[in-house]
Amino acid sequence: MTDKIDKVIELDHVVIRFSGDSGDGMQLTGTLFSDTSAYMGSGIATFPDYPAEIRAPQGTVGGVSGFQVHFGYDIHTPGDYADVLVAMNPAALKANAKWTKQGGSIIIDHDAFTAKNLEKAGYKTDNAIEEDNLGGFNIISAPISSMTQETLKDTGMDNKTILRSKNMFALGMCYYLFDRELTFTEKFFESKFKKVPAVIEANKKVLKAGFNYGYNVQELTPYKVAAAEIVNGTYRNINGNTATAWGLVAAAEKANLPLFCGSYPITPATDILHELSYLKNLGVKTFQAEDEIAGISSAIGASFAGNLAVTTTSGPGLALKSEAIGLAVITELPLVIVDVQRGGPSTGLPTKTEQSDLLQALYGRNGESPIAVIAASTPSNCFHYAFEAGKIALEHMTPVVLLTDGFLANGTQPWKIPSMDNYPEIKAPIVKEGTENYMPYLRNEDNLVREWAIPGMPGYEHRIGGLEKMDKTGAVSYVPENHQIMTDLREKKIALIANEIPDLEIIGKDNGDLLVIGWGGTYGHLLTAVHDMQLAGKSVSFAHFNYIKPLPLNTRDVLKKFKKIVIAELNNGQFASYLRSVFPEFKYQQYNKVMGLPFTCIELMDNFNKLLEEK
Amino acid sequence: MAAEVKLTFKDFKSDQEVRWCAGCGDHAILNSVQKAMAEMGIPKEKFAVIAGIGCSSRFPYYMNTYGFHTIHGRGAAIASGVKVANPDLSVWVVNGDGDGLAIGGNHFIHLNRRNIDLNLLLFNNEIYGLTKGQYSPTTKEGTKTKSSPFGTIEQPFNPGELVLGAQGNYFARSIDVNMKLTQEILIDAEQHKGTSIVEILQNCVIFSDGVHGFYTDKENKLNRQIVLRHGEKMIFGKDNDKGLILDGLKLKIVTVGENGITEDDILTHDAHEESPFLHWMLISMKGPDFPIALGVIRSVNATVYEQKLNAQIVDVKAKSSIKNVNDLLHSGSIWEV
């Protein structure tokens, strides 16, 4: 519908998807675009989508790497479909055209559409546009590679190095298209390539050349995208994994304890280990263990020794850690286990997102083995929930699983930087000096938390371990009645955490025809879908869970006021079966998807509208 | 340096009833550990005794120190976390041969590779006792056990060889019944900075009784054991006249006074030698052709893991302008709205 007479297309929000070969630098291109957009006042959300292989076969559909940015006003998701697709080669077009809105624009690198590349991408003819039936799209076929070569021909750089900058040409075109400033990106070049001024200049030149090319060609109609309504403050972009790492450091600071992270590399959680290993300036100790079990075991050792101890992993690693989590349960030691969920079972889809570890987190251990489970719901609130995980672990002397997922881990959004002054102190129940007759399993009557005596403290020498413990004294006990008592105490201790967590919030009216329920990383999509339905006058509300075990105390009160309840999650219904077991009195409908992909708002609305229509 | 600490072995006894079988070698080892710890000059609260699972792993319950009875095989990994988190502690791991070398084998080799300053006692009785008599990674090939009724078909590990293969810096060996030697080794292991592996040949009276009998046999033990001490000649035997020399690339037993051999010809033990080759030969010696080597066989100084980690932290802290979480949150690309 774009009318060429219009000078500018005005939109509330736009989705742009950069795609190319996994070596084409699409993740960087997308990141630079989103950083600039956030800096210029847009709301943003991003979604990187890349193959598990480091160097998947070049030019093939399997090797395509994509990065989607949604920016503008009131942004909560990276967007379902792209308004603008950048495809650096035929494989990228093949893989991503289906994610582009009908009538949207597709920018392709004309030079990359050679017979050989078309064949590699699986095209049968020499006309990809016709073959994929893309006539309804606004195709901008730009000679990106050759213009890049032309721009840098006098620099003396070799052809291979020159072509590495072609992504910056495409980025420059997009900057023209969306009226973005170049300065933020130019500053990035200056700091990133500080030691090689020639590279700074080359990238700047190509970026500018792309911008000018956009200005000069007729097919590109610039967009004007609404800015977000932004609360005043200091902002930065942050992804979920960095936010998680920082939240853990914040918890250690507020607890006045050292932070220890024992981990083993695993996609998509490894960046948390990377970030923490970098933070030696804040005294963080990271221990890259020989396996997942040693990761958690070393963390349990550090916890025994009085640190805030964490281990970070993904689903397969959580499976390996189960026995050790049980040890932390019975010894009642504080421990944070971060599970960045990915597609399963087994190795599954390492770089794709899913919510299918929930039941594993809740129940995946031998014995009656209750722990606290919480989930972050946006990339930036991974900070808050990592902090919460540390706080609950320390104040309640328990393992806590923090669930995030691949979508949150790698997704970014602008974040209003909080002041640490607004975060509470964390008070671990360390035994007070002068306490007489210390017993490791003597409990605080209010929350059933035991006191923590740390090796090195004179007078409190004691033994703990994986054998059942005698109530209060902590001596080994096989007494049947004592096992029942201790089992009940451990369960009750976790249940009592509910007294300290916030109520479940309802977005919309507190009663009506349909309550949409979600948890974890699907928040943005569910919120957007429900919000659009509410604007259309539908009787639908939304409740999203961050606290899973224990559940917020008002959960039953929220559920009972709706005619229908639907639980939407990226698994086959794990939260639904959990809620059924806790509140069997309600009827729950489900909307599930297990494709390694986030929801689309469109599919959610379709489904929820159908539910509203059903009698 | 530290204030004088006067402790006796009784200070290290916990109020728990010791539940090992009567005659089990663990009793003697427990006494040796308690006596040795009393002499180390370390306050009681600074000891952390960590164990995995197995008969020997009940050890922490009997020690009046901080103690942690963990899960099967993970003692070394958990103790690594304890020591890295708080390098001021004196950390002791108690492992059996199944716990330490089968299910926990991965942690055992990586502990040696990292050289974390803790002491690991490997009680080697060549059997799984607590599960009632299956063969372990140190059971001699051909041994009939409950899970190998026709004899094992697996080659056993020699724990010391594993230590060397994993680039370990310290290996000592004792026998449960030789409490004096055990104490001497334990004190040396505590003083050694780095991972100290102490293998203690231990007798299980129920499932592998007499497994080390060849070496402990009262009549012949002096001919079948050689106690190595750094700087001393490798001499042994009832009459103190047998010695070890190098014959080409192999060890050879000779008798002083025979064939022109004098004491000067006998090898002098150098536990501090970095090259592991002679240590390897000493560790590998076994009957009936050779005596078994006891004592501190290898003790090489190398920087320990937690020192290197702390040095990095000190260095990065000094250079960084980020002093707290507020600074961190405001680092890098930020903007005002």
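**Chat: chain B, its contacts and a sheet**

Reader: Where do chains A and B pair up by strands?
Author: This is a predicted model. In it, strand β17 of chain A, residues 463-465, is joined to β2(B) by three bridges, and the two run parallel.

Reader: OK, and which residue of β2(B) is opposite A:Arg463?
Author: That is B:Gly67.

Reader: How many residues are in contact between chain B and chain A?
Author: On chain B, 50 residues are in contact with 56 residues of chain A.

Reader: Which elements of chain B give two or more residues to that side?
Author: They are β2 (66-69), α2 (75-85), α4 (105-114), α10 (305-319), α11 (325-329) and β12 (335-336) of chain B.

Reader: And which one gives the largest share?
Author: α2(B) does, with eight residues on the side that touches chain A.

Reader: What's that side like by class?
Author: The side of chain B that touches chain A has 24 nonpolar residues, 19 polar ones and seven charged ones.

Reader: Switching topic: what about the sheet with β9 in chain B?
Author: That's an open sheet of three strands in chain B, in the order β8-β9-β10, with antiparallel pairing.

Reader: Why is one side of β8 and of β10 left without a neighbour there?
Author: Because β8 (235-236) and β10 (250-255) of chain B stand at the edges, and each has a single partner strand.

Reader: How many bridges are there between β9 and β10(B)?
Author: Six, in the antiparallel sense, with β9 of chain B covering residues 242-247.

Reader: Which residue is the bridge partner of B:Asp247?
Author: B:Lys250, in β10(B).

How values were computed
Residues are numbered from 1 along each chain as its sequence is written. Chains are lettered from A and ligands numbered from 1 in the order in which they are written. This is a predicted model: local features need pLDDT of at least 70, side-chain atom pairs count only at pLDDT 80 or more; totals for chains, interfaces and linings use all residues. Two residues are in contact if their C-beta atoms, placed from the backbone, lie within 7 Å. Helices (H or I, at least four residues) and strands (E, at least two) are DSSP runs, numbered from the N terminus. Ala, Val, Leu, Ile, Met, Phe, Trp, Tyr, Cys and Pro count as nonpolar, Asp, Glu, Lys and Arg as charged, and the others, Gly among them, as polar. Two strands pair if DSSP finds at least two bridges between them.
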